[in-house]
Each structure stands twice: as structure tokens, then as C-alpha cells.
Amino acid sequence: MSNIAILCSGGDVSGMNPALKHFVEYSLQKDLKPFFIYDGLEGLIDNNIKEVSYSDVSGIITRGGTKIGSSRSKRFMLEEYRKIAKQNLDALGIDMLVVMGGDGSFRGMEIFYKEHGVKFCGIPSTIDNDIHGTDYCLGVDTALNIIKTSIDAIRDTASSFKRAFVIETMGRDCGYLALISHLTSGSELCLIPEVAYDLNDYEEDFKKQIKNGRRYFIAIVSEGIQQDSQEIATWFEEKIGMESRVSVLGHIQRGGNPSIYDRLMAYKFVNYAIDGLLHQKNESVICYTKNGFEFKSIKEVTSKTKELDTQLLTCLKCS
Ligand code: F6P
């Protein structure tokens, strides 16, 4: 019987708990002994590792976040701590890891594999959906649904008061969440880091819309744009002549009950990750594209910045 462990690294996403549940079930089905590594790569260094079974994952499928915790580990970047991590795994006979995280975590794992030969498979997990080589990262659907519910609610109050609302979404340097939310919520303006903009270009049209009876505006802006959300709100007040408010959605986008799609994707990602590890996929990321699930190398996933779908960007320009 081989021993296999799972950990979460970086920002948590809704879908990690369903993945943990299936990890335990599928490992046992495959005659593997499953272990949890708590608090991400920090827990790997601190030997916060425990063998688990069905009872450890009962009832967690409905919960956002991650039962086993996560971290952004600076120590794991240092060789001395990776050595300690390897000793901890050796003591428990663990030689396979499933890692839910982003490209930074996968880069760290690749170094770890090269130094110590610990096999791993990455599951792309970030609400930002900014990992090159995969169309989907775990947690994105739930985050988009939370954003949708928030925008719909803000629309109610915006229309009641004749106000412009600037709604800021997460995404770091990637505008995916803002773009999809804009296209699916019918907002009037969308600003993302990938597309240069000049607010002056909207002035005449927005004023005309008010003359024609528009009562409110919804602007969705991604956190990575060149301006602060408050500056966009000030522009609405000063140039468009409409009272405005800023609503930064923040960390609510990372939580919440995992959507059906994320539960299902969690299930599939875990199946592929474990099967891959059992079939000599020693250092890879399981990606999801229009071709289905594919294992990709760390180099492929980390060497380029993810580009947004050109068709969606075209929709942005004509919306
Ligand atoms: O990477 C996920 C993410 O939620 C980004 O969208 C955001 O910029 C960042 O993490 C926030 O990080 P923290 O939770 O450390 O504040």
C-alpha cells in the first residue's frame, strides 16, 4: 500500500472541501493510504500531517474554504526548509502529493521534485482563473455566482436611488471575474487590466443615456486596473453628474457553499490527479480545456501569462 497526501496552497477556493472528500474516498478505493497536510506548505515543513479516513471528511462537501487550511509559505522557497519537508514525508512513507493551488505553488513543487523526487500533481485552484494552460480553475464558478448575487442585489438599490455603483471584483492582475460578471449581469461599464481604457471615451454616451431616462449605472472593475475604484466613482460624480458609491466585494468572493459545477470539477480533478500519479505523471498539473482533461508540465503552466478568451474580449468591446 502506497501513501499519498493532499495539501492546499495559496488562496482558498470553494471546491477544496469537496476535493478533500473525494481525495479520501478515491485513495481508499485505489488501496492508497490518504494523509492530509494541514496549513499548506507551512504544515509540510512543521510536520502537521495526519492519516485520514471517511470520518474526517463527513459533512464537508457543502462548506467553502478548506478544512485543512492553507498558507502562502515563504519558508518553502528556501532549500533548508524543503529538506525538512522531505524528512517529514519520508518518516510517514509518503511519496505522492496532490497540491491544490496556483502557479507559484506549482513552481515550488517542481523544485521540490527535482531536489527530492517527491511526485506531485497540481490541481489549478484559484478564483482568479489566471493559470496558463487551463480554461478552468477550481472555485471560479462559485466565485462568479457570489459576484452575480451581489451585483443583482446592488442593482436593486442603485435603481432606487439614481446612483452609479462601482463594484470591484478580485482577480489580482487578471480581469476574468470582472469580464464574465459584466457580460452576464448587463452592467454598463467594465474595466480590466488587460484592456487599456480612457474614461473620457464614455462621457458623451453616458450623459446621453441619462437624458434618455437612465436612472443608474453599474460599473464592474477588476482590482488590478490602473486606477483606484474610488477614482472611477469620483469620475461618475464629477463628469457624468451622478451620485456614486463604491462596493468592494472582497473576500466574500472566496467563500460560500460550493456550486454544483465546482463539486463536480473537484471530483474529476482529484480522479485525474490520483490516476496520473499512479501512472507515472510525476510532476504535472491536471488542466481542463476544450479538449477535456490533460496533464501539462509545470513549465507550460508557469511560463506564460494567461490570456483572456479573444471572443469574450470582443464581446466586451461591443457591449
Ligand atoms: O489569488 C486569489 C486572491 O483572492 C486574489 O484575487 C486576491 O488579489 C488575493 O487572493 C487576496 O489575497 P489575500 O487573501 O492574501 O488577501
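Isoleucine 180 counts as buried because its relative accessibility is 14%, where buried denotes under 20% relative accessible area, exposed over 50% and partly exposed in between, with a 1.4 Å probe and protein chains only. The model is a predicted one, in which local features need pLDDT of at least 70 and side-chain atom pairs count only at pLDDT 80 or more, while totals for chains, interfaces and linings use all residues. Residues are numbered from 1 along each chain as its sequence is written, and side-chain values use heavy atoms, with hydrogens and water left out.

Isoleucine 180 belongs to helix H6 (residues 176-185), helices being DSSP runs of H or I with at least four residues, numbered from the N terminus. When neighbours within four places in sequence are set aside, isoleucine 180 is in contact with Leu144 and Leu312, contact meaning heavy atoms within 4.5 Å. Leucine 316 lies 136 residues from isoleucine 180 in sequence, with a C-alpha to C-alpha separation of 9.3 Å.

The chain is assigned domain 1 (2-139 + 258-304) and domain 2 (141-254), with bounds that come from an automatic or database domain assignment. The centres of domain 1 and domain 2, taken over C-alpha atoms, are 35 Å apart, and 15 residues of domain 1 are in contact with 12 residues of domain 2.

The largest pocket holds about 900 Å³ of space; a pocket is an open set of points on a 1 Å grid over the protein atoms alone, where a 1.4 Å probe fits, with protein on both sides within 12 Å along at least five of seven lines, and lining residues have an atom within 4 Å of a point. Its volume is the space filled by probe spheres set on the points, which are joined across faces, edges and corners. Among the 38 residues that line the largest pocket, Arg72, Gly102, Asp103, Gly104 and Arg172 are the closest to its centre. Domain 1 and domain 2 each supply at least three residues to this lining, and helix H4 (residues 103-116) provides the largest share, six residues.

Helix H9 (residues 260-278) comprises 19 residues and reaches 27 Å from its first C-alpha to its last, close to the 27 Å expected at 1.5 Å a residue, the expected span being 1.5 Å times one less than the number of residues. The buried residues of H9 include Met265, Phe269, Val270 and Ile274. Glutamine 280, which follows H9, has a positive phi near 65°.

How values were computed:
Helix = DSSP H or I, 4+ residues; strand = E, 2+ residues; numbered from the N terminus.
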